[in-house]
Amino acid sequence: MYITSDCGKTWRQVFEEEHHILYLDHGGVIVAIKDTSIPLKILKFSIDEGQTWSTHNFTSTSVFVDGLLSEPGDETLVMTVFGHISYRSDWELVKVDFRPSFPRECTDDDYESWELTNLQGDRCIMGQQRSFRKRKISSWCIKGRSFTSALTSKVCECANSDFLCDYGFERSAPLKSQSSKCFADFWFNPEAPPEDCVLGQAYTSSSGYRKVVSNVCEGGVDLQQNLAQHLCPLIAPKGLQISIRGESLAVKPGEDITFIVRQEQGDTLNTKYQVDLGDGFKAIYVNLTMTGEPIRHRYENPGIYRVSVKAENVAGHDESVVFVQVNSPLQALNLEVVPVIGRNQEVNLTAIILPKNPNLTVFYWWIGNNLQPLLTLDSFLVTKFAVTGDVRVTVQASCGNSMLQDSKVVHVFDHFHVLPLKFTKHLDMYNPNIPEWREDIGRVVTRLVAKETNIPEETLMTVVKPGLPTTADLHVLLPANQPKRKRSVTSDKRIAAIKQALNAHNISFFLRGGYWVLVTLADSDSDSQRIGGGSGYWAIVVLFVICLVAVGAFILYKFKRKLPGRNVYAQMHNEKEQEMTSPVNHSEDTQNIIQGNHSGVVLSINSREMHSYLVS
């Protein structure tokens, strides 16, 4: 550790190790205790600015010293050592009073004067020459509260050393000595007006020098003289910015939005500001950036609006643009995906959102356990699954400040059959083209086929496709835990049973309105194909056959029996209701087929030729 007695001009070493230091009596007493991890009971003190040191036992029991404290005021001679005897003990405070060690207070004869100089020996520092007094080393006295160290202070004449290069200037000499001159840098124009210069006012260009801050020199050398006066010209606007209060660029229709216009440089009094809010509102403002008055607006319709402000005067112009998204919050999100897909086959993942056409909706897709989503601006994603099993697909739709999520499980197989179905056109009148309705129809068809063919319902899955005309695919999954050859034979029997049921018109449901819906195979002239190595991928087509309303009404009136398992569904668009009934056995006569009132619809199967196709 080192100590100085001349304000840092010279230093001398006093300790080899680190110590806790405390100054008492305006520095007349310096107390030091070694900073160590072992307990101590001795402190050191000096009354001659660290020239010599004395020791003092401040306690009879050694203490682990944590620090030193003194009473308020620089003139105090009372201090406190705080620490602890052991690591488990409480705090120990030891008070040390040095007042009895000094017999008297200091007089003028106990002090000597000294003058402050810099490293070069110059006595004028920061424009003044100052002298101080300090206690003589041989004096053993207390300075007391009335002690002051400063004696005299005299202002010096200014010299070159009292000036620095102004902003944009630097010394010309390689060593940049104080005697060299200041020249403007290549990037700086001393004659350029300041940023806040107003037309009609005057400004002063720099000479390249400025007096050091807090320097109090007077007279002598003045490197800031001969400053040139200039009139402020008309300055073109520069650094124009338009922002939104709250920093949100997405708002809801009808929500208030506040625009703030700022200008960093250029004239503002003689500048016109043309504002275009993008929805037909246009206005011209004067002194817009000086008053700081915001522009409040409200967008009624969803959309993306280009908001621009153009500042222009005779000297030039500047422009700033911001895009505002006005979005209605997302109300519904549904993920549509084929629930069964072959391995390494392309599958289309489609996200259906309401409202249907939001602006700039971002879709986040998570496939399986992947933590890194795929981002798209389109509402669909085409992908493949390389591994068999159940894969969860999750999509999030983000629009403005709203976000929705939906998730579905896709079953990936090596081998399975698919039978395309289609329905008579009368079902299209009741098709609202929404996911919930399609799921209901699919469950009804699956249940009817399973009941009629005695095939386990969990191995069947009907997927109704979006759009019109209404079509569907019946997925026939292969039995698990069976040999490959046996699975192929079993699958062929199930497909034959399903085709027989369809051809016999044994599968049907009844729609309100007096319509029977019959099912037949589509594309009857096509050949069958299958996915994978030992099974077929079959396609069944459902054909709707319209029964006469009068005949249906007559039979319903005659028997007046309700169909079991009726499922009522409310349409979204036309808000009509439709009912789907459980399957009936068409092997019986018609009286046993039709049960209930005229509000049902019967789905049946056309047993004409059925051909399947191989999907590779």
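Me: Ala, Val, Leu, Ile, Met, Phe, Trp, Tyr, Cys and Pro count as nonpolar, Asp, Glu, Lys and Arg as charged, and the others, Gly among them, as polar. How does the lining of the second largest pocket divide by class?

Reply: Bearing in mind that this is a predicted model, the lining of the second largest pocket has 15 nonpolar, 6 polar and 8 charged residues.

Me: How much space lies in that second largest pocket, and which residues are the closest to its centre?

Reply: The space in the second largest pocket comes to about 630 Å³. There are 29 residues lining the second largest pocket, and those closest to its centre are Thr4, Ser5, His26, Gly27 and Glu49.

Me: Which elements give two or more residues to its lining, and which gives the most?

Reply: Two or more residues of that lining come from each of strand 1 (2–3), strand 3 (19–24) and strand 12 (128–135), and strand 12 gives the most, with 4 residues.

Me: Staying with strand 12, which strands does it pair with, and in what sense?

Reply: Strand 12 pairs in the antiparallel sense with strand 10 (residues 111–115) over 5 bridges, with strand 11 (residues 124–125) over 2 bridges, and with strand 13 (residues 150–155) over 5 bridges. As for individual positions, Ser113 stands opposite Arg133 of strand 12, Ile125 has Gln128 as its bridge partner in strand 12, and Ser131 has Thr152 of strand 13 as its bridge partner.

Me: In the hairpin of strand 11 and strand 12, which residue takes a positive phi?

Reply: Met126 does, with phi near 55°, in a hairpin that has 2 residues between the strands.

Me: Switching topic, how much space is in the largest pocket, and what is closest to its centre?

Reply: About 840 Å³ of space lies in the largest pocket. The largest pocket is lined by 37 residues, of which Val337, Val338, Pro339, Val463 and Val464 are the closest to its centre. Divided by class, the lining of the largest pocket holds 18 nonpolar, 9 polar and 10 charged residues.

Me: Where does the largest pocket lie relative to the domains, and what gives the largest share of its lining?

Reply: The largest pocket lies between domain 3 (329–414) and domain 4 (417–480 + 491–523), because both of these domains give residues to its lining. Helix 2 gives the largest share, 7 residues, and the elements that each supply at least two residues include helix 2 (435–453), strand 37 (402–413) and strand 39 (460–464).

Me: How many salt bridges does the structure hold, and what does Lys408 form one with?

Reply: The structure holds 11 salt bridges. In one of them Lys408 is joined to Glu439, with the closest N and O atoms 3.9 Å apart. Because Lys408 lies in strand 37 and Glu439 in helix 2, this pair ties together parts that are 31 residues apart in sequence.

Me: And Arg343, which side chain does it meet?

Reply: Arg343 meets the side chain of Asp414 in a salt bridge, at 2.6 Å from N to O. Arg343 lies in the loop between strand 31 and strand 32, and Asp414 in the loop between strand 37 and strand 38 (416–422), so the pair ties together parts 71 residues apart in sequence.

Me: Last one, the salt bridge of Lys465 with Asp473: is each residue buried or partly exposed?

Reply: Their closest N and O atoms are 3.4 Å apart. Lys465, at 35% relative accessibility, counts as partly exposed, whereas Asp473, at 14%, counts as buried, because buried means under 20% relative accessible area.

Note on methods: Residues numbered from 1 in each chain as written. Predicted model: local features only at pLDDT ≥ 70, side-chain atom pairs only at ≥ 80, totals over all residues. Heavy atoms only, no water. 1 Å grid on protein atoms, 1.4 Å probe; cavity = no way out; pocket = protein on both sides within 12 Å on 5 of 7 lines; lining within 4 Å. Points joined across faces, edges and corners; volume = space filled by probe spheres on them. Domains from an automatic or database assignment. Pairing = 2+ DSSP bridges. Salt bridge = Lys/Arg side-chain N within 4 Å of Asp/Glu carboxyl O. Buried < 20%, exposed > 50% of the residue type's maximum accessible area, 1.4 Å probe, protein only.
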